[in-house]
Amino acid sequence: AIVSRFPITQVFGLARDASGLGVRLRIGDTPARDVVVWVVHLGYTSYGPYAACDGASTSVMSRGEKRSGRLRQINDVLKRMRPQLSEAGTMPVFLLGDFNTPSHLDWVPAAAPLHCGVTMRWPVSWKVERRGLVDVLRAVSPDPVAVPGVTWSPIFPAPEPQDRIDLIFSKGAVMPL
């Protein structure tokens with residue numbers, strides 16, 4: 001769902017498995033200024049960091065990601081976003097929500113001690129980046145060790161994996177605060 005204090009001027013429809021929804025928001029009137037916002041809530045099963053901390057190989061983790069359906073879901077969302085992404089130079093596009101998988105920009109060698117000693121190119125965030133969207137947190141704070149940005153599971157201290165699975169991506173003329 002999308003709740004906004006700004007008027008919703010267009011709805012782009014529901015993605016596969018109701019995993020995503022896109023809207024056009026009017027954020028300014030003089031001159032008219034619109035942005036596109038897509039929200040996602042991808043499948044939660046087969047949570048890769050659990051497998052990583054249980055000693056699974058990255059190939060086993062990759063198979064788990066494929067089985068989870070998240071890659072299929074994000075591919076559908078990105079396909080539906082294609083028209084808006086092609087116009088991102090004139091109307092910024094945001095993709096945000098609960099991805100239920102970490103960012104590949106967080107599971108890098110320097111941050112491996114934070115992730116049970118594992119590095120991993122998580123396919124969902126990598127796919128989003130390949131479509132030209134920028135991970136907003138990593139654009140502002142590129143060091144995942146200094147600023148891990150944990151969104152899961154802050155209520156359960158270690159040994160529960162601590163990860164950033166709620167992500168914000170953008171494309172177009174966007175200035176992060």
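Tutor: A residue counts as buried under 20% relative accessible area, as exposed over 50%, and as partly exposed in between, with a 1.4 Å probe and protein chains only. The model before us is predicted: local features need pLDDT of at least 70, side-chain atom pairs count only at pLDDT 80 or more, and totals for chains, interfaces and linings use all residues. Residues are numbered from 1 along each chain as its sequence is written, and side-chain values use heavy atoms, with hydrogens and water left out.

Student: Is Asp 135 buried or exposed?

Tutor: Asp 135 has a relative accessible area of 3%, so it is buried. In the protein chain, 42% of the 177 residues count as buried.

Student: How many helices and strands does the protein chain have?

Tutor: Helices (H or I, at least four residues) and strands (E, at least two) are DSSP runs, numbered from the N terminus. Here there are 5 helices and 6 strands, and their order along the sequence is β-β-β-α-α-α-β-α-β-α-β.

Student: What is the radius of gyration of the protein chain?

Tutor: This quantity is taken over C-alpha atoms, and the globule rule is 2.2 Å times the number of residues to the power 0.38. For 177 residues a compact globule would have a value near 16 Å; the protein chain has 17 Å, which agrees. Along the principal axes, the C-alpha atoms fill a box of roughly 55 × 35 × 30 Å.

Student: How many salt bridges are found in the whole structure?

Tutor: A salt bridge is a side-chain nitrogen of Lys or Arg within 4 Å of a carboxyl oxygen of Asp or Glu. The search finds 8 of them. One of these joins Arg 26 to Asp 34, with the closest N and O atoms 2.3 Å apart. Arg 26 is partly exposed at 26% relative accessible area, whereas Asp 34 is buried at 8%.

Student: Which residues form salt bridges with Arg 164?

Tutor: One partner is Asp 106, with the closest N and O atoms 2.9 Å apart. Arg 164 lies in the loop between α5 (136–140) and β6 (166–171) and Asp 106 in the loop between β4 (93–98) and α4 (123–130), so this pair ties together parts 58 residues apart in sequence. Both residues of this pair are buried. Arg 164 also meets Asp 135 in a salt bridge (2.7 Å, N to O). Asp 135 belongs to strand β5 (residues 134–135), and these two partners are 29 residues apart. Through shared partners, salt bridges join Asp 106, Asp 135, Arg 138 and Arg 164 into one network.
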